[in-house]
Amino acid sequence: MRIGELARRTGVSERSLRYYEQQGLMTAERTPGGHREYGEGAVDRVIRIQELYAAGLCSEKIAQLLPCMRDSDGGPSRTANGKLVSDLTVERERIDRMIADLLRSREVLDEVIEAASVPAE
């Protein structure tokens with residue numbers, strides 16, 4: 001599929017897809033006319049990249065992590081090394097802290113909503 005179709009199917013801009021290629025996160029074949037051609041697996045790859053960005057990982061970490069994941073289901077392959085595991089453990093701890101912060105914020109909002117919902121006497 002061409003870059004426009006991949007962008008449409010994934011909701012990711014063509015500019016972002018070109019950036020992913022520049023960062024080594026994905027590859028495309030080239031037609032004789034120089035147009036990018038992506039295989040069907042590119043849809044899963046882009047979705048995976050988006051999930052990892054949403055988790056707060058930078059493109060360098062994502063580039064290290066992607067070879068350790070299967071695109072079709074995001075499950076692990078057996079290619080991770082000890083350094084990557086250590087780095088990802090740090091990332092996971094960061095995400096856990098973010099989740100805890102968000103849960104605290106939600107509790108505060110719940111308290112404010114509850115207090116504001118009590119009819120004034």
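Predicted model: local features only at pLDDT ≥ 70, side-chain atom pairs only at ≥ 80, totals over all residues.

Me: Is serine 13 buried, exposed or partly exposed?
Reply: Serine 13 has its place in the loop between α1 and α2, and its C-alpha is 9.1 Å from that of isoleucine 3, a residue 10 positions away in sequence. Buried would require under 20% relative accessible area and exposed over 50%. The relative accessible area of serine 13 is 39%, and serine 13 is therefore partly exposed.

Me: How are α2 and α3 oriented to each other?
Reply: The axes of helix α2 (residues 14-22) and helix α3 (residues 41-54) come within 12 Å and cross at roughly 85°. Angles of 65 to 115 degrees count as roughly perpendicular, and α2 and α3 are therefore roughly perpendicular to each other.

Me: How many nonpolar residues does the contact of α2 with α3 have?
Reply: From α2, Leu17, Tyr19 and Tyr20 meet Val46, Ile49, Gln50 and Tyr53 in α3. By class, this contact of α2 with α3 has no charged residues and one polar residue, and the nonpolar ones number six.

Me: In which helix is confidence lowest?
Reply: The protein chain averages a pLDDT of 89, with 93% of the residues scoring at least 70. Helix α1 (residues 3-10) has the highest confidence, at 96, whereas the lowest, at a mean of 88, is found for residues 59-65, in helix α4.

Definitions and conventions: Residues numbered from 1 in each chain as written. Heavy atoms only, no water. pLDDT = per-residue confidence, 0-100. Helix = DSSP H or I, 4+ residues; strand = E, 2+ residues; numbered from the N terminus. Axes fitted to C-alpha atoms, helices over the stretch in contact; angles between N-to-C directions. Parallel < 35°, antiparallel > 145°, perpendicular 65-115°, else oblique. Contact = heavy atoms within 4.5 Å. Nonpolar A, V, L, I, M, F, W, Y, C, P; charged D, E, K, R; others polar. Buried < 20%, exposed > 50% of the residue type's maximum accessible area, 1.4 Å probe, protein only.
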